[in-house]
Amino acid sequence: MRSGVKTIVLLSAAFLLLAVETLLKERAAFSGLLAVVSMACALKIRCGEAVSARLASQFGKLWFAAEALLFVLVGAAVDIRYTLEAGIAAVAMIFIALAFRCLGVILCLFKTPLNRKERLFCTLAYLPKATVQAAIGSVPLAMGLRCGKTVLSVAVLGILITAPLGALAIDKSYRRLLHRCE
């Protein structure tokens, strides 16, 4: 089977598993997302490297378009007034979350062979997070919760703060913190 057809079949199976979760919600505990991840792991183990690479390439192309759509839709749903209402407390919360994220990276890298400079770079490289915030930030809005617009606005504010901050940190530090392996 061609990789394009395989991609469509896998994507269809993933959507089917997510739909089954909704259908079985009242009768049985079933996680469609966990089923999709398990399916991907099983395919990675069962398929050869060439097939995995082709499928990864196909899904990468799909994600490129989906990511653009995600950010356009999130941007269209944001009302800047809610961000201004959240004010300095939202900015403080974002920086506190960044501190915890940095601490988590440091703890995860504790017993690795990386040196201090490489660990610092990993911490800086982990600062920008946008896709998850965009996807999850819109969930309360989609659920119709009163706080939905505020949550989405603060999630977008987090993107607007962390993306340039992380990009700048990575760009300004990689030469001093990393060395080229030959």
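Me: Which residues of α5 meet α8, and which residues of α8 do they meet?
Reply: From α5, they are Lys117, Glu118, Leu120, Phe121, Leu124 and Ala125. In α8 they meet Gly166, Ala169, Ile170, Ser173, Tyr174, Arg176 and Leu177. Contact means heavy atoms within 4.5 Å. Helices are DSSP runs (H or I, at least four residues), numbered from the N terminus.

Me: What should I know about the model itself?
Reply: This is a predicted model: local features need pLDDT of at least 70, side-chain atom pairs count only at pLDDT 80 or more, and totals for chains, interfaces and linings use all residues. Residues are numbered from 1 along each chain as its sequence is written, and side-chain values use heavy atoms, with hydrogens and water left out.

Me: At what angle do α5 and α8 cross?
Reply: Roughly 165°. The axes of α5 (residues 116-125) and α8 come within 9 Å. That makes α5 roughly antiparallel to α8. Angles under 35 degrees count as roughly parallel, over 145 as roughly antiparallel, 65 to 115 as roughly perpendicular and the rest as oblique. Axes are lines fitted to C-alpha atoms, for helices over the stretch in contact, and angles run from 0 to 180 degrees between N-to-C directions.

Me: Is that crossing left-handed or right-handed?
Reply: α5 passes α8 in a left-handed crossing. The term means that the near helix is turned anticlockwise from the far one by less than a right angle; clockwise is right-handed.

Me: Now α4. How far apart are the axes of α4 and α8?
Reply: They are 9 Å apart. Helix α4 (residues 80-108) and helix α8 (residues 148-177) pack at an angle of about 50°. That makes α4 oblique to α8. The crossing of these two, α4 and α8, is right-handed.

Me: Which residues of α4 meet α8?
Reply: Tyr82, Thr83, Ala86, Ala90, Val91, Met93, Ile94, Phe95 and Leu98. Their partners in α8 include Val154, Leu157, Ile161 and Leu165. By class, the contact of α4 with α8 has twelve nonpolar, five polar and one charged residues.

Me: What is in the largest nonpolar core?
Reply: Five residues: Ala90, Ile94, Val154, Leu157 and Ile161. α8 gives the most to this core, with three residues. A nonpolar core is a set of buried Ala, Val, Leu, Ile, Met, Phe, Trp, Tyr and Cys residues joined through side-chain atoms within 4.5 Å. Buried means under 20% relative accessible area, exposed over 50%, partly exposed in between (1.4 Å probe, protein chains only).

Me: What does Ile161 touch?
Reply: Val91, Ile94 and Phe95, not counting residues up to four places away in sequence.

Me: New topic. Is Thr7 buried or exposed?
Reply: Thr7 counts as buried, because its relative accessibility is 4%. Thr7 lies in helix α1 (residues 3-23). Leaving out residues up to four places away in sequence, Thr7 touches Leu55, Gln58, Phe59 and Leu62.

Me: And where is Arg2?
Reply: Arg2 is in the segment before α1. Arg2 is exposed, with a relative accessible area of 69%. Arg2 and Ala56 are 54 residues apart in sequence and 14 Å apart in space, C-alpha to C-alpha.

Me: Which helix holds Ala134?
Reply: Helix α6 (residues 131-137). Ala134 counts as buried, at 1% relative accessibility.

How values were computed: Nonpolar A, V, L, I, M, F, W, Y, C, P; charged D, E, K, R; others polar.
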